[in-house]
Structures are given as structure tokens and as C-alpha cells.
Amino acid sequence: MDLKNRRALVTGASSGIGAATVQALREAGAQVAAAARRTDRLDGDLNLTLDVTDEASIRTAVDAAAADFGGLDLVVNAAGIMPLGPVAGADTTIWRRCLDTNLLGMMLVTHAALPHLTGDARDIVNISSIGGRETYPGAAVYHATKFGLYGFSDALRKELAPSGVRVSVVEPGYTDTELFTSIGDPERQAALAGVMATQRNLAGADVAAAILHIVSRPPHVLVNNVQIRPSIQA
Ligand code: NDP
């Protein structure tokens, strides 16, 4: 299905997977509102300040995108962080920030966008992770957000199916982005950087290509879930 003139909103658009998605969608002819806190790094047709931990900021950004484009056809929820560390003794303010960003932020952006999804082809694509299916010690809170994202998205897919809005989840593996700077724990950050340095990881553009595949299917086809990983990743 042609992406020309599809009206898209992409969160997490200042970096990594979100930034690559903005670029890929624009190259395919879509009109793209790019949203994040670091607006100087945005490259959309429309660039919007968005803090997904702030509901007022979400509503302002989503409404602005819809007003400028005359509605929305596509939302990609890519904003996320990955603080890691053991549960015992953790600073729980970091748990709240992680849940607010990765889970509640995605839910509130989706809620704010739904009334604006007015086109013939309408998609919500939520970026989870292989960590939304498999768990590793030291990442319990990140997993909680990504398992939660999957549960919300899959139930919403069923809820919205009769209305023609498609909901899809993309679950990437190791992708070369800035996500690893949000880990917080220096030892874990160094360990993961070590793993990533020894292998060929995905690029943001590889994940963006999967997103474009999903949203360009004809209306009778719903790709509800895509897992994508470096071929070296077990
Ligand atoms: P990056 O760190 O490169 O990008 C994260 C993006 O999220 C940035 O644009 C950042 O923008 C935005 N963001 C973070 N916090 C907020 C906030 N409070 N409000 C608005 N935007 C925010 O990481 P990735 O591109 O890798 O991450 C994108 C998604 O992909 C995340 O959900 C991540 O969990 C997921 N993922 C990534 C993998 C990887 O290996 N990289 C693997 C699996 C999943 P700004 O700071 O400007 O606001």
C-alpha cells in the first residue's frame, strides 16, 4: 500500500529507531510529525516537543500534529529508555521513570491519537523488544515495561480490529542506537557495550524497514508482530 501522503506521528524521533523511521517514512512519501524532547535533533515535516512522561505535553503534541496534517493515519511509539540493575536496593524513582516512559507514555500517546486516526489506512506500531518475550537478570523493570506493552497492544489490536485500525508490535534485538546510554549502571553499560562491539548489530534503518513493511500491507492484512534481530543473536 502506498505510503504517499500518509500522515504519521513518530515518538522517540530524535535518535535511533525513531529517527530512522522518520527518515524512511519521509523517503516513502509520508508526511511525518517527529516528536521528542531534543527538538534540535528532529527532522520531520513537522517537529514537535514531546515528553512522554507528561500527559499535557502528549496531548499538546498529538493535537498539534493532527491539526497541522488534518488528521493522522499512523502512529509509531518508539520513545524508550533502558535503565538496568538489580531489584534489591534499587532507586525506585528510576522504576517510575521507566514505566512512565516505555509503558504509560506509549499508552497515553495512543489514547491521545485515537480520535485523530481518521484516514482509510490506520496503523499504530509499538516498539517493544526481544526483552518483551524473554527475560534476563538485572533487567526486570525494563522487561515489565515491554511485556506490558505487548499485553496492551495485543488487547488493543483485538478491540480496534472492527474499526479498521491495525495495531502492531515490533520486537527488535541488539540495535546500534543511543539506548545503551540510558542503562545507568556503569558496569552493565560496559558489559553490554562489550557484547555489541564484538558483533554486527541491527541499524535503526533495519528496524525502520520492518515498520515500513507492516504499514504498507493492504488493509486486509495485519502483521501483528515482528521479531527482528541480528542474525548472530541467539
Ligand atoms: P535511542 O536512545 O536511540 O532513542 C530513544 C528515543 O526515545 C529518543 O528519541 C529519546 O528522545 C526518546 N525518549 C526517551 N525518553 C523520552 C521522553 N520522556 N519523552 C519523549 N521521548 C523520549 O534508543 P532506540 O532507538 O534504541 O530506542 C527506541 C525503542 O526501541 C525503545 O522503546 C527501546 O526500548 C526499543 N528497543 C531498542 C533496542 C536496541 O537494541 N537499541 C532493542 C529493542 C528495543 P529525547 O531524549 O530527545 O526525548
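**View 1. Valine 10 and its bridge partner.** Valine 10 finds its bridge partner in E4, namely valine 76. This close-up comes from a predicted model, in which local features need pLDDT of at least 70, side-chain atom pairs count only at pLDDT 80 or more, and totals for chains, interfaces and linings use all residues. Numbering starts from 1 along each chain as its sequence is written. Strand E1 (residues 7–11) runs parallel to strand E4 (residues 74–77), and the two pair over 3 bridges. Pairing here requires at least two DSSP bridges between two strands; strands (E, at least two residues) and helices (H or I, at least four) are DSSP runs, numbered from the N terminus.

**View 2. The whole sheet.** Step back and you will see an open sheet of 7 strands, in the order E3-E2-E1-E4-E5-E6-E9, with parallel pairing. Its edges are strand E3 (46–49) and strand E9 (225–228), each of which pairs on one side only. On average, neighbouring strands are turned by 15° against each other, direction ignored.

**View 3. Helix H3 on the sheet.** H3 packs on the sheet and touches E1, E4 and strand E5 (122–127) (contact: C-beta atoms, placed from the backbone, within 7 Å). The direction of H3 makes about 170° with that of E4 (axes are lines fitted to C-alpha atoms, for helices over the stretch in contact, and angles run from 0 to 180 degrees between N-to-C directions).

**View 4. Around the ligand.** Of the 31 residues around the ligand (C-beta atom, placed from the backbone, within 6 Å), Gly16, Arg37, Arg38, Gly80 and Thr177 come nearest. Helix H1 (16–27) and helix H3 (92–113) each supply at least two residues of this shell, and H1 gives the most, with 3 residues.

Terms used: Two residues are in contact if their C-beta atoms, placed from the backbone, lie within 7 Å.
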